[in-house]
Amino acid sequence: MTTKFLLPLFAATLLCSGSLLVDARQPKPKVTPAKATVTQPVQPQWKVYTGPDGRFSVLMPGIPKRDSQSQKTYMGEINLEIFIAQPPKQEVAYVVTYNDFPYSYGELANPQAVLNNARDLALKTTKSNLISQRDIRSPNGHPGKEIEYINSGGKVTKSRMYFAQGRLYQVMAITTRKQRRSLAKTINGYLNSFNVVLKA
């Protein structure tokens, strides 16, 4: 199988596996007697988060949890870095992932092929239907793609992917169909805040 068809999109695989809590589902509250009081969701403190190696920055609702996964591929071992923030009492998860390709592959890869394959694998792995897509660019000109898709359970993911200097970034907001509309402005602000920082 050629590199054209086998571009690892580990984020999609991890999102639908049980290894990470990004199902954007909160436990159902217990039913209490008539004296139950209505509490407002805690508004998260949004702050600029910079990746550990300084190569991306993004607004996050608090400090994200970090996880690393290592995958063996025909190109060698590839590491996936995952950053997840879930505001309390909201059915939404904000996720940033990235993986570096080996230098020889990253230099020769066609950016659009990488992005198209990442889109196809995300839809296939999460068993989702595409709602919309468009080609985009990062603020400093790197090619990207924005996609929005929904799975059979009603979870909606809005994702922006960028290919820069041999690295595939994915910036995602995963929420429910119910909260999609009310969180639309917040999700767009989150996606718009993402910046690729070029290495020297």
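This is a predicted model: local features need pLDDT of at least 70, side-chain atom pairs count only at pLDDT 80 or more; totals for chains, interfaces and linings use all residues.
Q: Why does Arg-167 count as buried?
A: Its relative accessibility is 2%, and buried means under 20%; therefore Arg-167 counts as buried.

Q: What makes the pair Arg-167 and Asp-100 a salt bridge?
A: The closest N and O atoms are 2.7 Å apart, and a salt bridge requires such atoms within 4 Å. The pair links distant parts of the chain, with Arg-167 in strand S9 and Asp-100 in strand S5, 67 residues apart. Together with Asp-53, these two residues are linked in a network of salt bridges.

Q: Why is Asp-100 called partly exposed?
A: Its relative accessibility is 32%.

Q: Why is no salt bridge assigned to Lys-158, which is buried?
A: The nearest side chain of opposite charge, Glu-146, is 4.2 Å away. A salt bridge needs the atoms within 4 Å, so Lys-158 has none.

Q: What joins the side chains of Lys-158 and Asn-188?
A: A polar contact of 2.8 Å joins them; the limit for such a contact is 3.5 Å.

Q: With which residue does Glu-146 meet in a salt bridge?
A: Glu-146 meets Arg-134, at 3.1 Å from N to O. Glu-146 lies in strand S7 and Arg-134 in strand S6.

Q: Which residues of helix H5 are buried, and how do you know that they line one face?
A: The buried residues are Ile-187, Tyr-190 and Leu-191. Seen down the axis of H5, they fall within an arc of 95°, so they line one face of the helix.

Conventions: Residues are numbered from 1 along each chain as its sequence is written. Side-chain values use heavy atoms; hydrogens and water are left out. Buried means under 20% relative accessible area, exposed over 50%, partly exposed in between (1.4 Å probe, protein chains only). Lys and Arg count as positive and Asp and Glu as negative; His and the chain ends are not counted. A polar contact is a pair of N or O atoms within 3.5 Å; within protein, one must be able to donate a hydrogen and the other to accept it, and residues adjacent in sequence count only if both atoms are side-chain atoms. Helices (H or I, at least four residues) and strands (E, at least two) are DSSP runs, numbered from the N terminus. The arc is that of the directions from the helix axis to the C-beta atoms.
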